[in-house]
Amino acid sequence: MESLRMIENWPVDTAAAAVVRANGTTVGTHGPAGHRFPLASVTKPLAAYAALVAVEEGAVELDEPAGPAGSTVRHLLAHTSGLAFDEHRAMAEPGTRRLYSNAGFEVLGDHIAKATDIPFADYLREAVLEPLGMTATDLPGSPAKDGVSTVSDLVRFAAELQAPRLLSPETVAEATSVAFPGLTGILPGYGHQRPNDWGLGFEIRDGKSPHWTGASSSPRTYGHFGQSGTFLWVDPEAGAACVALTDRAFGPWAIEVWPALTDAVLAELRAA
């Protein structure tokens, strides 16, 4: 895809990107697709997928208690447990505010590890990474932010999201639809959003502005970006997903170039 060549002009040392259609066909890659990048918060959708496998396997239930008093697995996945960003401290009653929380995903990982008697990194590998052939991906630390992967591996995950084999389509549809609708909150890097819609581990584009996806992205677009300069989105209306990984921390440069890439990719897909 010509649009992916735009990453050559990004102010980063190393970048790679790819687009994969809903039928699993990779329609374009650019840059070193096998280069391993820190994912930062793009780790969260992978961790969430493993959590949903645990739900389907019966190891945990979405509405069982987990985290602070009154919180459940569902609250942790949807950033509504009330836990602070990076502290295991309750800041709000569960279900009342969208408080983006790394701590919540760490509590979630611990909860699943106890329920399955398997360290969460091992569970993620056995439940998601190995079945999808994501051999270059691992989780050496926090399930909120410490994943490492490649564009080639994340293309496999993006294909799975669009045509699930490890989870039922109904579970993925629920995870990528708004959970606890109407809650306000801060989207990191983009300020206060009313509402700040999320699914279960996936951020929902909806009508947010400003946003890291494109002006032409459909409201149903979902995914995640990371503070290490990484993103993955799936646009169901376009029938495609895009992954971009870099080695430069998120900042004004990303706010400027990411939406332009997304809009160019979507335009090229429409014209194909």
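This is a predicted model: local features need pLDDT of at least 70, side-chain atom pairs count only at pLDDT 80 or more; totals for chains, interfaces and linings use all residues.

**A loop residue and what surrounds it**

Modeller: Phe-180 sits in the loop that links helix H6 (169-175) to strand E5 (185-187); helices (H or I, at least four residues) and strands (E, at least two) are DSSP runs, numbered from the N terminus. Residues are numbered from 1 along each chain as its sequence is written, and side-chain values use heavy atoms, with hydrogens and water left out.

Back to Phe-180: although not a glycine, it has a positive phi of about 55°. With a relative accessible area of 23%, Phe-180 is partly exposed (buried means under 20%, exposed over 50%, partly exposed in between, with a 1.4 Å probe and protein chains only). Ala-40, in strand E3 (residues 37-40), also isn't a glycine and has a positive phi, about 50°, but Ala-40 is buried, at 13% relative accessible area.

His-75 belongs to helix H2 (residues 73-77) and is buried, because its relative accessible area is 10%.

Now Arg-98, in the loop between H2 and H3. Its relative accessibility is 1%, so Arg-98 counts as buried. The side chain of Arg-98 reaches the backbone oxygen of Ala-179 at 2.8 Å. That falls under polar contacts: a pair of N or O atoms within 3.5 Å; within protein, one must be able to donate a hydrogen and the other to accept it, and residues adjacent in sequence count only if both atoms are side-chain atoms. Arg-98 and Asp-197 are 99 residues apart along the chain, yet their C-alpha atoms are separated by 8.1 Å. While you're at that end, look at the peptide bond from Arg-194 to Pro-195: it's cis, with omega near -5°. Pro-195 lies in the loop between strand E6 (191-193) and strand E7 (203-204). There's another cis bond from Ser-209 to Pro-210, with omega near 0°, and Pro-210 is in the loop between E7 and strand E8 (222-226).

For a view of the interior, go to Tyr-49 in helix H1, which is buried at 1% relative accessible area. Its side chain makes a polar contact of 2.6 Å with the side chain of Glu-160. Not counting residues up to four places away in sequence, Tyr-49 touches several others, including Val-128, Phe-157, Leu-166 and Phe-202. Val-128 and Phe-157, along with Leu-77 and Leu-154, touch the most other members of the largest nonpolar core, which has 58 residues. Here a nonpolar core is a set of buried Ala, Val, Leu, Ile, Met, Phe, Trp, Tyr and Cys residues joined through side-chain atoms within 4.5 Å. H1 supplies the largest share of this core, nine residues. Apart from it lies another core, of 27 residues, among them Tyr-190, Phe-225, Phe-231 and Leu-266.

Key: Contact means heavy atoms within 4.5 Å.
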